[in-house]
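Me: I have a protein model to go through. Can we take it step by step?

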Amino acid sequence: MRSISTYRLIAAAMLVAAILIGIAFCRVDAQSEFMRGDRMPYDAFDRLPKTDLDIAGCTIHVAFAPGEISLPRDRILDWVRKSAKAVSTYYGRFPVDSLRLLLVPVDGQRVRGGTTWGYRGAAIRVLIGRESDEDALKRDWVMVHEMVHLALPDLDDRYGWLSEGLAVYIEPIARVEAGDLTAQEIWQAMMRDMPKGLPQAGDQGLDNTNTWGRKYWGGALFGLLADIEIRKRTGNRLGLQDAMRGVIAAGGNHEKDWSIERVLAAADKATGVDVLRSLHDEMGPKPVTPDLAALWRDLGLKAQGDNLAFDDAAPLAQIRKAITEAHAR
């Protein structure tokens, strides 16, 4: 009797284990449907239950891929709302009328990355760590970065630096304007990180150099220089923010395929100054190395150990202030 009971226990344990393994494999297989390849799984997304958020003229259809997340979903939806508010504050409206937002649980304690598409309608996939807490979401930059991409039409791959660079440059400014970061934080980060975008040996200009530093921080440096030059030439009335609002007003967003010439022309038309096209003519085909030390000095940025002080008497101090001020619609 004892041996029969033992066999029954072993058999029951094996059955339970098989069920648990089967469930685990089902979950992995279900999640892999949302992670496979480099394309947005539109069809799979459309089968998921969704929560619709109406924000600044856009309906964001939020869906969660299979998997557990420690945070309550309402906290995660608040993070989505907050990110969308920052983006709509910068652009004066949300860049698209409708957005599919897919959140995929992955291992970890923070947001792990995101991707934006537009070929079958605006869509973003963000990977969120299962153990993320509210502080991780508060510090996150990925969601705003991906939403910023929605404002720029889809360009040829060689101009990926403009898409990524503008997202790197605009994301923190949008968060300052929305009250989620301080100006001191983002200028300190720019001073630390902008040198990563300077040309290195063998560089052939932004259009022809597909390195990580040039694609992200070289593009961000382009955005900063454009912002400053637009403000110089318009008496600090307008900046890159107005140029990008002009692209949206002309019908541009990530659902559209435009040439870079069309994007820059729409942006320059909005400000009335030929800055973006001229700067691209200069920095696109050949390496340009601006004097960052002089630029920081003119903006009134003074590093003091681990801190940053502002010099409001510097030549470009008013431009520095205007870049991070909330701009009326």
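Predicted model: local features only at pLDDT ≥ 70, side-chain atom pairs only at ≥ 80, totals over all residues.

Me: How far from Glu-177 is the nearest side chain of opposite charge?
Reply: Glu-177 is buried. The nearest side chain of opposite charge belongs to Arg-245. A salt bridge needs the atoms within 4 Å. Glu-177 has no salt bridge, and the distance to Arg-245 is 5.4 Å.

Me: Which side chain makes a polar contact of 3.0 Å with Glu-177?
Reply: Start with what Glu-177 touches. Its contacts include Thr-89, Tyr-90, Gln-241 and Ala-326. The polar contact of 3.0 Å runs between side chains, and the partner of Glu-177 is Gln-241.

Me: Is Ala-326 buried or exposed?
Reply: Ala-326 lies in the segment after H13. The cut-off for exposed is over 50% relative accessible area. Ala-326 has 58% relative accessibility, so it counts as exposed.

Me: What separation do the C-alpha atoms of Ala-326 and Glu-177 have?
Reply: Along the chain, the two residues are 149 residues apart.

Me: Which residue follows H12?
Reply: H12 covers residues 292-299, with Trp-296 among its buried residues. At its start, a side-chain oxygen of Asp-291 comes within 3.3 Å of the backbone nitrogen of Ala-293. After H12 comes a residue with a positive phi, near 85 degrees: Gly-300.

Key
Residues numbered from 1 in each chain as written. Heavy atoms only, no water. Buried < 20%, exposed > 50% of the residue type's maximum accessible area, 1.4 Å probe, protein only. Lys, Arg positive; Asp, Glu negative; His and termini not counted. Polar contact = N/O pair within 3.5 Å; in protein donor to acceptor, adjacent residues only side chain to side chain. Contact = heavy atoms within 4.5 Å. Helix = DSSP H or I, 4+ residues; strand = E, 2+ residues; numbered from the N terminus. Lists of a residue's contacts leave out its neighbours within four places in sequence.
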